[in-house]
Amino acid sequence: MPAIANAEFFQTVLESLHVAIYAVDRNGKIFFWNDGAERVAGYLRQEVMGRVLADNLLGESVDDGGETSPVATAIRDGKRVDAQISLRHKSGHRVPVQVSAFPIRDAHGTIIGAAQSMEEFVAVADWDRRQSKLASYGCLDDASGVLNHGMMQSHLRETLGTFAEHPVPFSILCIEIDGLAKLQARDGPGIVSTVLQVVGQTLENSLRPTDFLGRWRENQFLAILMECNGDEIGRGAERLRKMVGSSKIEWWGDRVPVTVSLGGTAVKTGDTEEGLVRRAETALLESAQQGGNCVVVRLE
């Protein structure tokens with residue numbers, strides 16, 4: 001056997017893996033960050049080495065929006081932790097990932113740190129290919145990168161037609177970015193495209209592959225949630241609200257908070273496209289009138 005089984009060799013292999021892996025010491029300080037982690041989180045090695053996860057670098061959160069740290073749990077409990085979480089990409093948007101964290105022990109069995117692997121729910125390469133194709137067909141909104149208004153109208157019309165023949169429930173959400181006009185007046189028009197991109201990508205990454213999201217109006221998105229009834233839409237909308245609220249936008253050295261208001265409704269027999277959207281927009285108006293950053297659902 002070649003004499004290659006040494007620490008330097010294995011470190012080189014781990015650093016080059018496409019699978020995202022990083023490791024921390026017992027105090028949560030990052031000491032290993034491979035190529036895969038750079039790809040998934042957007043941070044280069046030199047940007048994270050020595051950083052402490054307690055600084056909320058990745059903004060890890062579970063489905064209910066609560067903060068979590070699988071590596072910290074692995075260190076505390078001394079056993080492997082598998083979880084589905086959302087992390088905050090360097091560019092600010094949220095990325096859903098499947099993670100496995102496990103404790104690192106020394107020769108005496110003492111826990112000295114933890115390592116974590118991260119895998120995106122949707123492969124980045126596949127997503128990029130799909131986006132490139134849709135862009136070439138003129139289906140994407142230039143500012144936000146999600147489906148444009150025309151494509152969302154087509155999907156809504158098609159979904160309503162299918163519901164008329166096969167009454168599988170679905171719901172829609174009108175999602176408005178709070179205070180976008182004020183942000184533009186304060187920071188200039190350049191910030192608008194940044195906000196639209198971060199919010200659009202966060203929303204799209206937080207939805208299921210069977211759902212649809214697109215730009216609907218100047219500061220609004222529309223989401224079609226498949227197989228989602230009136231009892232479920234509120235929970236889904238609340239999750240999206242929390243995901244956007246935990247995203248991050250950096251603008252000239254400042255962190256710009258961003259929130260959304262959501263109005264939702266579920267399809268009913270006899271609904272038209274106009275009537276369905278009108279109910280969701282009425283709910284959205286109520287959400288904005290309550291001060292924004294909240295969810296209102298109207299089923300009638």
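Student: Ground rules before we go on?
Tutor: This is a predicted model: local features need pLDDT of at least 70, side-chain atom pairs count only at pLDDT 80 or more, and totals for chains, interfaces and linings use all residues. Residues are numbered from 1 along each chain as its sequence is written, and side-chain values use heavy atoms, with hydrogens and water left out.

Student: Back to α4. Which of its residues are buried?
Tutor: P70, V71, T73, A74 and I75 in α4 are buried. Buried means under 20% relative accessible area, exposed means over 50%, and partly exposed is in between (1.4 Å probe, protein chains only).

Student: What do those buried residues pack against?
Tutor: They pack against β1, β3, β4 and β5. Helix α4 covers residues 70–77 and lies across those strands, running at about 145° to β5. Contact means heavy atoms within 4.5 Å. Axes are lines fitted to C-alpha atoms, for helices over the stretch in contact, and angles run from 0 to 180 degrees between N-to-C directions.

Student: What's the strand order in that sheet?
Tutor: The order is β2-β1-β5-β4-β3, in an open sheet of five strands with antiparallel pairing. On average, neighbouring strands are turned by 30° against each other, direction ignored. Two strands pair if DSSP finds at least two bridges between them.

Student: How many bridges join β1 to β5?
Tutor: Six, between β1 (residues 20–25) and β5 (residues 111–120), which run antiparallel. In β5, S117 is the bridge partner of I21, and Q116 is the partner of Y22.

Student: And β4 to β5, how many bridges?
Tutor: Nine, and these strands also run antiparallel. F102 has A115 in β5 as its bridge partner. The two strands form a hairpin with five residues between them, and G109 in the turn has a positive phi of about 85°.

Student: Is β5 mostly covered or exposed?
Tutor: Mostly covered: seven of its 10 residues are buried.

Student: New topic. At what angle do α8 and α9 pack?
Tutor: About 140°, with the axes of α8 (residues 190–206) and α9 (residues 233–245) 9 Å apart. That makes α8 oblique to α9. Under 35 degrees counts as roughly parallel, over 145 as roughly antiparallel, 65 to 115 as roughly perpendicular, and the rest as oblique.

Student: Which residues meet there?
Tutor: V199, T202, L203 and S206 in α8 meet R239, L240, M243 and V244 in α9. They divide into five nonpolar, two polar and one charged. Ala, Val, Leu, Ile, Met, Phe, Trp, Tyr, Cys and Pro count as nonpolar, Asp, Glu, Lys and Arg as charged, and the others, Gly among them, as polar.

Student: Last one. Where is T265, and is it buried or exposed?
Tutor: T265 is in strand β11 (residues 260–266). It is buried, with a relative accessible area of 0%. Residues that T265 touches include S171, I233 and R298. The C-alpha atoms of T265 and S171 are separated by 5.7 Å, though the two are 94 residues apart along the chain.

Definitions and conventions:
Helix = DSSP H or I, 4+ residues; strand = E, 2+ residues; numbered from the N terminus. Lists of a residue's contacts leave out its neighbours within four places in sequence.
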